[in-house]
Amino acid sequence: TSFLLKITMAQLSADLNRFLFEEERSPQITLSDVMTIAGERLFGFVFALLGLILVLPFPVPGHAIPFGLVILLLAVQLIFGAKTPWLPKWLVNKPVSLEKIQGIIKMGLPWLKRLEFFSRPRMAYVCHSFIGRLAIGIGMTIMGLLIMIPVPGVNSICGLPVLITGVGMLDDDGAISLAGLGVAGALLLAAAGLSFSGSTLLKSF
């Protein structure tokens with residue numbers, strides 16, 4: 001039963017592969033174009049897509065602040081109970097080279113598939129209840145703010161819980177979303193610990 005469920009369940013990796021590599025596209029696409037494959041899963045889709053790009057082991061110049069702002073904007077909407085996300089038209093309609101996006105996503109698909117292997121519909125109330133979405137919104141707000149910090153590597157590290165949480169929301173997998181929030185909490189504690197250690201060290205001089 002679980003095997004059949006895995007086959008029939010929509011997965012981001014399959015959606016992206018079909019949209020970017022199997023179907024014919026114009027040389028430039030927009031975020032609005034890509035979002036058409038998400039259906040009603042827009043919050044999770046955007047979190048997972050941006051998180052996937054953030055965690056890739058190479059820098060995409062100038063992406064940290066705009067990605068962080070989008071994550072922050074969506075997270076705040078979750079906190080206030082929005083059912084459908086809103087993004088500014090200038091952002092979703094900005095054209096990007098298809099070839100560039102294909103290169104980025106091609107590198108990320110194997111990692112995304114590994115994560116999706118463990119994901120299946122369970123504890124869906126985490127993804128749909130007010131308390132669950134509030135918790136996700138708070139966690140993603142913090143990650144969005146940290147991603148915008150101009151410190152090398154921080155945006156990639158903070159992109160991991162965004163990716164995990166987004167995949168969980170896409171697949172109605174509350175366990176995976178909670179795991180993403182757990183990673184976010186661990187990163188926040190680590191950052192607080194480093195900050196405290198640094199301030200203590202400075203005071204000793």
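Modeller: Let's start with R122, which is partly exposed, with a relative accessible area of 25%. Keep in mind that this is a predicted model, where local features need pLDDT of at least 70, side-chain atom pairs count only at pLDDT 80 or more, and totals for chains, interfaces and linings use all residues. Residues are numbered from 1 along each chain as its sequence is written, and side-chain values use heavy atoms, leaving out hydrogens and water.

Biologist: Why is R122 called partly exposed?

Modeller: Buried means under 20% relative accessible area and exposed means over 50%, with partly exposed in between (1.4 Å probe, protein chains only). R122 has 25%, so it is partly exposed.

Biologist: What makes D173 and R122 a salt bridge?

Modeller: The term asks for a side-chain nitrogen of Lys or Arg within 4 Å of a carboxyl oxygen of Asp or Glu. For D173 and R122 the closest N and O atoms are 2.8 Å apart, and the pair forms a salt bridge. D173 sits in the loop between α10 and α11 (174-203) and R122 in the loop between α7 (98-117) and α8 (125-128), so the pair ties together parts that are 51 residues apart in sequence. D173 has 0% relative accessibility, so it counts as buried.

Biologist: How many salt bridges does that rule give?

Modeller: Five salt bridges. One of them joins R18 and D15, at 3.3 Å from N to O. These two are three residues apart in helix α2 (residues 12-22), so about one helical turn separates them. R18 also forms a salt bridge with E23, with the closest N and O atoms 3.6 Å apart. Shared partners join D15, R18, E23, R25 and R41 into one network.

Biologist: Is D15 buried or exposed?

Modeller: Its relative accessible area is 8%, so D15 is buried. R18, at 33%, counts as partly exposed.

Terms used. Helix = DSSP H or I, 4+ residues; strand = E, 2+ residues; numbered from the N terminus.
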